[in-house]
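Thanks for sending this one over. Here are my notes, point by point, for you to read beside the model.

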Amino acid sequence: MRFVKLVVKSFQAIESAEIELGRGLNVLYGPNDLGKSTVASAIRAALLVMPGTAEASRYRPWFADGGAPEVTLTLVDDDDRYWRVKKSFGASGAQAKSDLATSKDGVAFVHDSDGRAVDEQLRKLLGWGIPSPGGKGAPRGLPTSFLANVLLGEQSNVESILAQSTEGDGASSGKERLRKALAGLAEDPWFKRVLTEAQKKVDAYFTPAGQRKRGKGSPFIQASDLVKARGEKLDELRRGVEESRAVEENVRTLRERSLAAREACDEATRELATLRQAYARAAERTRAEEKLARATAEVEALDQRANEVAEAEREAKRLEGVVASAAERVVEASALAVSAEEAVRAAEDALRAAAGEDGARQREVNRANLQRERAELATKKVEAEKRRDAAAAAQKLAQSAKDAGEEKTRALEDLANAQSGEEGARAVLTEAEGDLALARSIVAYGQWHAAEAAANHALAARDRAESERARSKAKEAAASEYEARAISLEAEATAARALLPDPALTKRIEDLFQRIAMAEASLGGGFSIVLKGTGKAALHVTTDGEQVVGGTMLDGKLVLEADKMASVGIADLLDVEIVAGAAEKRHELERLRERWANEALPFLKRAGVEAPLALREKKTALDALDAKLVQLRSDARQHRTEAAAAEAAATLEDQRRAMLDASAREASVLEAKLGAQDRALLAQYVERLGPQWKEQADALVSAKEESLADARGKLENARSAREMAQYRAADAEKLDTSARAAAEGALAALGQRKGKSPAGALVKLLDEARTELDTVAARVLVVDTELGALEREASEKVNAAKANVERAEASRDAAMAGRAGLVQIQEAARADLQRALGRAEALRKALEGADRAGSEQRLAEAKEAFAVYASDSLVSRPGAPGITADDVTAAEAREAEAKSKLDECKAEASHAEGALTKVGGAGVRDELLRSREAYDLAKERQHDLEVDADAWRLLRETLEEVEKEGSTHLGKSLAAPVSSRLADLSRGRYSGLRLDQHLRAEAMDVAAAKASDDVLEALSVGTRDQVATLLRLTVAEQLKSAIVLDDHLVHTDPERLEWFRDTLRSVALGTQVIVITCRPHDYLGAFDLSQGATRDLAGGMMRVIDATKVIRRFGPAPTSRR
Amino acid sequence: MSPAPEDDVVLKLLHTADWHLGRRFPGFVREDAERKLTRARVDVLERIFGLAERYEVDAVLCAGDLFDVPSPLPEWWEPLVEQLVKRNWALRPVFLLPGNHDPLLPDSIWARGSKLRNALPPWVHVVDASPLEVPLVGNAVLYAVPCTSKAGQRDPTELIPKRAAGDDRIRIGMVHGSTFDMKDCQTDFPISRDAAIDRGLDYLAIGDTHGFRFVPAERREPPTVYPGAPEPTAFDEKDAGKVALVFVNRRRKVTVQPEAVATWTWEERHIATMAELRDLRARTDLDRRVLRLRVEMCVPAPEYEEAERLLEDLEGTVAKHGRVGVLQLERAGLVLETSSIDVYCKDFPDVLRSAVERLREQANTEDPARAKVAERALFHLYRLGRKAS
C-alpha cells in the first residue's frame, strides 16, 4: 500500500495542503511549526478516525473561520487499486462526512461507500488489527494498533514501539497480516522445501480457491471422465444384459409355453383321435351289431320259416292221419248208418203199423222236413266254419304279406336315406375339396403378395441405396475439400508458427520489453543543456528521441530541456549523448537494451514484427487459425462419418435388396401359380386374416385338409350304409314276394280275385261266415223246437214205436250224423290237409327261395365282425359311457383351440426369438463382468487419486497450521533482519534484538555479552530511536506498506544518520517511505533540495517536497533561519 | 506290440475356438497392458496354424467366438486373413464357425459378400448353413451349425441329422454353445451333454467356455470337447491356453490331445509380508505373466517406502518396463504403520515433527476415510522430509 496524494483543508494549523507523494522515498522538509506533523496526523485521521467522534474534534482548525477540517487521501492498495477517502470532520452531524471512492487507473473514480461504511472498508483494506468502528467495547480516542503505530507512529513517541506488541490489537487482522508477511522470514529451509513440494502437489491438484482442478488435463477430470465413461458403459451393458435376460427369459418362457401348448395340442389330438376312433368303432360296432341282429333275425326268420314248414308238414301229416281216420270212421259210420237206416225202416214199419193215421203221417212228413232242414243246417254250419277258418288263415297270410311289404318299404326307405346320405357326404367332400383349394389359393396369394411386396421393397431399397451412396459421395467430396483446406491452413499456420518464438521465449521477450520500459521510466528527472556557440557549425540535437535542431547553424546560446536523454551532433566533429538518471540504472538499461538486441530483436525480426505486442497479436491470429483448422478437421471428420454412415446405409440397403431379390423371383413363380384366380377375393381373405395371415392360412389349409379327410370318411361310411340298405331292401323284396304269393294263394283258394283288396275281402268273408254260422245256429234251434213239438204229439205206442223209430232214427241219424260229422270232419280234415299242404308248400317254396347259406354266411361274418368289438377296450368297457358325435365335436373344438393356442405360442416364440438377434446374450454378460471390473478399478483409482490429493492438501494445511500456531516464531523471524541491520549499524556492537512472538522487544544481544533486557532498557535514547526505526522499517518492508517517519532520528549521530539515509533509500525501492523532517540535509544532498514544490530524484524513486510550498498554514508562515 | 491295421489313424483334426480377436481389457488401466493382451489374441494364430502344419492335420475346426464382436474392424480380421492366405492349404480345409459373440447376421463379418469372406482362400469355409455338411478325408463327414444370434434357446445339435442305419462314416459335429454340466451356466445355445450320442457323432467339437475340458468330464467316448481359448482372457479360467488335436482311427475310435499355445499365463497373488513381496520381485518368470496382485499388509514407513519401490519395479513406469508382463495391482490394503513413524522422523526439524504428530493423531481417528488421507499425508511427509534433508 502506498499513498498517492494528500489534500488537507482547515485541519488544525493547516489551512490547506496538497501533497503528491512518490512511490519510493519521500522527504517532506520544512521548518518547525509549519504543520508537517499535522500532515502525518491528517493521514492518520483520514485512515483511522471517524468524523463526528470525539477524536475528530481535535482536528478543528486553529482559526475559527477556517471551516470544517477536511482531509482527502488517495492511496493504492496491494492489488494496485486506487482508493480515495475524503473525510470532513465538522462538529455538526451535517459536516461530519466520509466518502470512499475507488478507481482502477487513479483518474476515473467511482463511489464505493460513505458514512460508517467508509471506515469499515478502510480497516478491512488496511488489515492493521483495528476493529470495525462502533464495535462493542471499542476503545475511545484515536483507534490504534501495533501496525498503526509502526506505520503511522507519532513524532513524540518514537521508541514506544519497542514496548508495544500485537497482543493489544482489537482485531486479529494485524496479526494475520504480519504472520503472512513474515512467514517468508520464518521458514526453516528444510521445512520450506517440504512445504514447497507439498504446495506444488496441491497446486497440481487444486485451484487457488481450494477447489479441485476441473480444467483440461486435470487428473480429477481424467479419473472422473474414466469413471463416468466406464460407468456409462457399465450402465449400457447392464441394460443390455437386462434386456438380453428379459428377452431370453421371455423366449424361454414362451418356448416352455409353446412346449406345453404342443403337449396340450398333442393330447387334444390324441384324445380326438381316440374319440374319433372310438366313435368310429362304436358306429362300426353298432353297424356290426345291427348287421348281426339283422343276420340273426334273417337266419331266425329262416329257422322260423323252416319250423313253420316243418310244423305245416307235421300238421299236414297229422291232417292226413285225421283224414284217413275220418275216412275209416266215415266207412264205419256209413255202415252204422246203413244198419241204422235199416232199423229205422223197421221201426217205421212198426210205427206205421202202430199208427197208420194221416196226422201221424203229416207229422212224420213235417218231422222229416225238419230233420232234413236240420241236416242242411248242419252242413251249412260246417261249410261256414270252413270258410271262416280259411278266411282266418288267409287273413294271417295276408298279414304276413303286409308285414313283408312294410319291411320292404322300410328297407327301401333306409336305402333311399342311405343313398341320400351318400350323396350328402359326396357333396360335403366336394365342398371340402373346394375349400381346401381356396385355402391353398389364399396361401399362394399371400405368399405371392408378400413376395411382390418384398420385390417392391427391393426396388425401394435399391433407390435408397443409390440415394445414400450419392449422399455419401457428396459428403466425401465435402470432407476432402475441408481436409484440403485444413492442410493448406495447417501449412500456413506451421510456417507462421515456425517464425514465432516459443511461448517461453515470448514471455521472456515481453518481460524484457517491460523491464526496459520500467528501466527507461526509472531514468530521467530532467536536465538542461546549454550550448554556447562561438562559431557557426552544423548542429543536430535530439531530446528524448525527438529532433529539436537539425542542420541549423548555431550562432549564440541555445538552452535545451530534456527529461531522459539528449544527443548533440556538432558538424562532423563531435557527437555527444547525454542520458539522465543514476549510473546503475543507466547501466541496467544499457544491459537490458543489449539483451534486447541479442535476445529479442532477432526473433522479432524473424517474426516480422517490431514489438512484443505484435507477437501476441500474431500468436492470437495463429490461435484463431488453429481454431479454424480444428473446426475444418472436425467438419471433415463429421462429413467423413456421415459419408461412412451413408455408405453403411447404402450397403445395408444393398444387402436388403439382395435378400429381397429372391422374393421377387419367387413372386413371379407364385403369380404363375395363381393363374386366373379372383385375386381381389383372395386379397380380401388375406386382409381379413390380418398380420398373421400365413399362420392363419396354413391353419386353414390344415383344417380344410382335415375336413376333406373327414368328408371322405363320412362318404365311405355312407357308401357302406347304402350298400347295407340295398342288401336289406333286396332281402325284404324277396320276403315280400314270397309272402305276397302265399297270401294271394290263400285268397285264390277263398275265391278272391287277384288285385282286389285282400284284407277287406277276407274280413268280409270272415264276417259272412260268422253271420251264416249264427243264422244256422238259430235255425237249428227253431228246427229242434219244432221237432220237439212233433214228438210230443205221438202216442205211447206210437210213441213207443215212434220212440223205437225215433231211437232207430236217432240211431240212424246219429249214425248218419256221425257219418256226416265224420264226413265233415273228413272233409274239413281234407281241407285242412290241403291248406296245410298248401301252406307247407308255400312255406317250403319261400324257404327254398331264401338264401340260407348266404344268410348264415352273413351271420357268421357279422358274428365274426362283431366279435372284434368284444375285446375292444374303446367300445366294450363295461359301464363306459357311449361316445357321441357331440363328444367328437367337443374334442375337435378342444383340438382346434389347442392348435390355435399352439400356433399363437409358436408365433409369439418365433417373434421373441427374432429379438434374440438384437440382444447380447452371454457375450454381453461376459463383457459386463469385465466392464464392472474395469469400473471398480477406475473407481478405486479415482478414490486413490482423491485420497492422494486430499493427503497433499492435508499435509500442506498441517504444515501451515504448525507454522501458524507457533511452531514458527514471528519475533524470531522479524528479529533476524532487524538484528542484521542493527549489527551493521552498530558495527557489530549489537548482534541481535529479541522479540517475543507478539513482536514485543524482549532483549538486546550485545556482542561478547550475555543477552539481557536490561541492555535494552539501558540503551541511549538515540539508539533506542534507531532500534525502533529499524524495527518499523523492517515491518513496513515486509508488509510492503507505506510508512511515515516523523523526525524519528533526531538523536542520531551523522555517521549513523548517513547509514540510515542509505538504508532508507534501499528500503524505499520496494516500500514507500515518507520522512517528515525539519532537517532535510540529514537525508538529502545539498543539490537535492527542491527547486520547486517537489523534485523527483534517482529516477523517480526519491521525491523531495518542500513543505513550505505545499502547506499553507493559518497565520504567517514560519521562515527559515538559513 | 504293433498296432492292428484298423488302428490306423485315418483322420486328424485341430480343434480350436474362442479366439476373441479384438477383445479389449478395460480392467487393465495402463493402455500398454491392455494392448499386450489384445494383441496376444492375434499373435497366437501363428502358433495354432503352425501346430496344424506340424501335425499335418486333415482339417482345422474353429468352433466359434473367433471375433469378440459381430463386426470387428479390419485390424482384427486382416491378420487372420494374412495367416490363412500365406498357408496355401488346398488339401487342409479350415472351417470357421460363427459363435454367440460373432453370430452370423446379415451385417456381420461372416455375411456372404463381406470383405473378410471375399478375402478368404477357397479352402477356408465359413459355416453359414444349418447344418453345413461337408465330406472329409477318411470316409468322414463334418456337420457344423452356426450361431445366428447372440443369444438363443435351441440346442444347435438338434439340427444335425441322426446317424442313419448303415451309415458307418466318421461323423464329426461342430457347434458353439453351453453345455449343462457347468455350475451357474447360462442357457444360451444349450447343448445337451449327450448330443454326440444322440446324433451318432464320433466327435463333437464345441466352443464357448475358455478352459479345456471334456463334456461330461468323465466321458471319453464319444468325446465332446471344449478346447478353450488359446490365449486366456480372465483369471478364473481353468486350463485355458490350449487347442485340441483329434485323431480318429479306422474303428472310429477317437483320441484327443490338448496342446498348449498361449503366451500369457494368468496368475493371482496375495501378498501379506514384505518377504513375500521381495520374493515376488526376485522371480524371473514374471515377464509372461498377467498378474493380479493384491497387497494387504501394514508396514512401518521405511518398509512402506520399500514396498512402494518394489511395486513400482513390478509395475513399471512411463519411463521403464515393469518386471511383470501385465500387472493388475490392488494396493488399497497396503497400510502405513503410523505408531512408530516418529521414530523415523526424529531428525526432522521441530516444525516438521509437529506436523508428523498432528497427522499421526488424525491417522488414528475412527473415521476410516480421514484416517486414510492422514496416513497418506504422513507418508508423503515422511518421504518429503527425508528427501528435503
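How many bridges join strand E16 of chain B to E17(B)?

1. The count is 9, and the two strands, E16 (residues 289-299) and E17 of chain B, run parallel. Strands here are DSSP runs (E, at least two residues) and helices are DSSP runs (H or I, at least four), numbered from the N terminus; two strands pair if DSSP finds at least two bridges between them. Within this pairing, Val290(B) sits opposite Val326(B) of E17(B).

2. A word on conventions. This is a predicted model, in which local features need pLDDT of at least 70 and side-chain atom pairs count only at pLDDT 80 or more, while totals for chains, interfaces and linings use all residues. Residues are numbered from 1 along each chain as its sequence is written, chains are lettered from A and ligands numbered from 1 in the order in which they are written, and side-chain values use heavy atoms, leaving out hydrogens and water.

3. Back to chain B: the strand order E15-E16-E17 makes an open sheet of 3 strands with parallel pairing. Its edges are E15 (265-271) and E17 (326-336), each pairing on one side only. From one strand to the next, the twist averages 5° (axes are lines fitted to C-alpha atoms, for helices over the stretch in contact; angles run from 0 to 180 degrees between N-to-C directions).

4. Two helices of chain B pack on this sheet. Helix H5 (residues 274-282) touches E15 and E16 of chain B, and its direction makes about 155° with that of E15(B). Helix H6 (residues 301-315) touches E16 and E17 of chain B, at about 170° to the direction of E17(B). Contact means heavy atoms within 4.5 Å.

5. Buried means under 20% relative accessible area, exposed over 50%, and partly exposed in between (1.4 Å probe, protein chains only).

6. Lastly, Thr775(A) lies in helix H13 (residues 758-792) of chain A. Thr775(A) is partly exposed, with a relative accessible area of 48%. Its C-alpha atom is separated by 189 Å from that of Ala1068(A), 293 residues apart along the chain.
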